[in-house]
Amino acid sequence: MEAKEGHDGSAATDSLEQVQDGDLEADDQDEVFNSKTMQDSFTAIDRQYAAQPDVPRRVHILGTGSIGKLVAHSLRGLPNPPPVTLLLHRKMLLRAWEAGKQEITMLDDGVEVKRSGFDVELMPLTRREHGVDLKDGQSSVYDFDTEAKPHEIAKQLSAEQAQQSNSPTPQPTDALSEDDAAPPSAEAAEPIHNLIVILKAPTTLSALRRLRPRLLPTSTICLLQNGMGVIDTLNTHLFPDPTQRPNYMQGIITHGVNVPPAKARIDPFYAVHAGHGTIALGLLPRDDLTPGTPRGAAKGEPENPDIWAPSSRYLLRTLTRAPVLCAVGFTPLELLQQQLEKLAVNSVLNPLTVLLDARNGSILYNFALTRTMRLLLAETSLILRSLPELRNLPNINARFSAARLETLVVSVANLTSDNISSMLADVRAGRQTEVEFINGYIVRRGEELGIKAVVNYAIMQVVLGKGMIGQRERREDVMFEKGMDPNAADL
């Protein structure tokens, strides 16, 4: 009798648990139904500005130049600011940050505004030779005392690296030096969800190559730089698989920020906001997924009606709510047209000032230079008006006509007549220029359309040649005939 009562008690308990589980399941279904019903009732604008509670808030900034300091400084000035991590590419900057006050100072209208609360990370110090990544301090492929050629040594090193990566017990890596070895931090292995890249176009690929393992298909990369064609380069060399590519956002900056050389030697995290401008932002759609499929989602998951990835929406909203940046979001097509207008202006102003070694205003009121300008713009106008991306858009022929582009070039040259173009500053400093992403982009798009942009190609090669001369002079590699070396002592 007692056994029967115990059995009946356990059966009642089981039935009670089943009822409770059923109630919980019903509550979950009601919650999902109510959430879905609420989302379905939203308009497109409501869905765009709806809260995203599951999106990581941390923003990584790659590039601590003048514009990078402005963006980081502005984000930390927001109410409830997002966590900001500065990705430093040199040990000298890390030491200066640790030895200083660990803050960014921005001089605006004579008032210095200091902001702190930043996190910093030192990027992996690597270099690439013959397709293989070498760590800081590792011997070059040219330094091996063997009969093998450098590309053969690189192939052997690449095979060894692949074998070590598949090893269950990988060797520890050193990010600083052999003298002050330290294990890699946990932050250096965490995924990067929101990345703002403010680098020169030629250095973007090598910098992002070091961060490739931390970028996910759900991540968003915001590129704030001159030139075009960087995304094509990244997709070709870093993200060949379309389903594993991150989301892209591009921006056009008109702010004027500079770093006084005398102040840079004392505080490398100091900048002057000389001219207030705007930032035009635009999200790039992905063409690797079927309509309605969420970005980064695996096959078989339910469809998502959202157009943009959650990280893209979060980063766009974060930048646009910073009052100092004056950032505005545009549609992809409108942003593309603004980029092409700026590209046309830079394709004339930057290379001509490099060849003249003069300020922007030097190209004005000179008929010989005006002829050169018109030859460049005639090619550029024809190529831009023939782009398939702009086909069937109204007013394209008028917007990108050679006459209107010339008006834009003259207007910018007048407004910045006393300034030195960024390309001229790079050539004078012996740095790599962005000409291959400005004039070179026009040449490549012309080749795709069957148009030979010979003037743009010629001026691009001359700028590259002048840059090589400057780099050789800085390395003291210029050959002198006997008796003509100005540095040689009189014998």
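**Figure 1. The start of the chain in this predicted model has pLDDT under 50 over residues 1–7.** For this stretch there are 0 contacts beyond four places in sequence. Residues 168–184 also stay under 50 in pLDDT, but here the model does have 15 contacts beyond four places in sequence. As for the protein as a whole, pLDDT averages 80, and 69% of the residues score at least 70.

**Figure 2. Here's an open sheet of 4 strands, in the order β4-β3-β12-β11.** The pairing is mixed. β4 (111–116) and β11 (256–258) sit at the edges with a single partner strand each, so one side of each has no neighbour in the sheet. On average, neighbouring strands in this sheet are turned by 25° against each other, ignoring direction.

**Figure 3. Zooming in on that sheet, β3 (residues 103–108) meets β12 (residues 270–275).** The two strands run parallel and are joined by 3 bridges. Take M106: its bridge partner in β12 is A271.

Figure 4. With a relative accessibility of 2%, T85 counts as buried because the cut-off for that is under 20%. Its side chain makes a polar contact with the side chain of R58, at 2.7 Å. Setting aside neighbours within four places in sequence, T85 is in contact with R58, V59, H60 and I61, and also with D119, V120 and E121.

Definitions and conventions
Residues are numbered from 1 along each chain as its sequence is written. Side-chain values use heavy atoms; hydrogens and water are left out. Two strands pair if DSSP finds at least two bridges between them. Axes are lines fitted to C-alpha atoms, for helices over the stretch in contact, and angles run from 0 to 180 degrees between N-to-C directions. pLDDT is the predictor's confidence in each residue, from 0 to 100. Contact means heavy atoms within 4.5 Å. Buried means under 20% relative accessible area, exposed over 50%, partly exposed in between (1.4 Å probe, protein chains only). A polar contact is a pair of N or O atoms within 3.5 Å; within protein, one must be able to donate a hydrogen and the other to accept it, and residues adjacent in sequence count only if both atoms are side-chain atoms.
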